Amino acid sequence: MNPILKYQQKIKKKILIADIICGLLILLFAYAAISKLTDRQHFQVVLAQMLLIKDIAGFISFALPVTELVVGALLLMPGTRLSGLYASLGLLIAFTLYIGYMILFAPKLPCNCGGVLEQMSWAQHLVFNLVFIALSAMAIKLYPSQKILLQHNSRPYSGMQGKS
């Protein structure tokens with residue numbers, strides 16, 4: 001097999017895996033955001049019970065789901081996908097730190113993640129987030145830079161390269 005064709009297939013496989021991970025992240029963020037927005041009052045009430053953020057619970061109850069939707073939109077568009085992956089990694093790390101805080105200082109407060117995610121225990125939620133952090137980091141590593149993609153796509157291909 002031609003080395004250039006082999007390289008192209010390798011890049012395509014990496015992009016496919018990264019795109020599947022992006023799809024999972026899009027579903028996660030869209031689901032969480034829509035769940036929070038559809039029951040925003042409940043979300044705000046639970047946030048208001050947290051000592052660290054009770055004064056800005058109203059703002060967070062709107063800003064967080066909007067942020068999740070923006071990250072999902074970044075992941076959806078090929079030109080901003082890598083930025084979306086970095087944003088999702090940052091958001092997931094922030095959520096995981098929040099979960100760690102909850103486990104240590106307020107384990108009796110309910111999760112306010114929205115929908116089915118609220119049914120998880122804090123420990124289950126921690127594992128869930130760690131898995132998605134690992135997936136985000138893997139997708140960032142797999143996703144080739146735009147420079148590589150441009151170089152790769154601009155190379156002329158001839159099935160007879162190197163042969164006379």
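A crossing of two helices is termed left-handed if the near helix is turned anticlockwise from the far one by less than a right angle, and right-handed if clockwise. The structure is a predicted model, in which local features require pLDDT of at least 70 and side-chain atom pairs pLDDT 80 or more, whereas totals for chains, interfaces and linings use all residues. Residues are numbered from 1 along each chain as its sequence is written, and side-chain values use heavy atoms, without hydrogens and water.

The crossing of α1 and α3 is left-handed. Helices α1 (residues 3–38) and α3 (residues 57–76) pack at about 155 degrees, with axes 8 Å apart; α1 is therefore roughly antiparallel to α3 (angle over 145 degrees). Helices are DSSP runs of H or I with at least four residues, numbered from the N terminus, and axes are lines fitted to C-alpha atoms over the stretch in contact, with angles from 0 to 180 degrees between N-to-C directions. Residues of α1 including Cys22, Leu25 and Phe29 meet residues of α3, among them Leu64, Leu69 and Leu75, contact being heavy atoms within 4.5 Å.

Beyond its neighbours within four places in sequence, Leu25 contacts Leu75, Leu85, Ser88, Leu92, Phe132 and Ser136.

Val46 lies in helix α2 (residues 40–48) and counts as buried because its relative accessibility is 3% (buried: under 20% relative accessible area, 1.4 Å probe, protein chains only).

Terms used:
Helix = DSSP H or I, 4+ residues; strand = E, 2+ residues; numbered from the N terminus. Parallel < 35°, antiparallel > 145°, perpendicular 65-115°, else oblique. Buried < 20%, exposed > 50% of the residue type's maximum accessible area, 1.4 Å probe, protein only.
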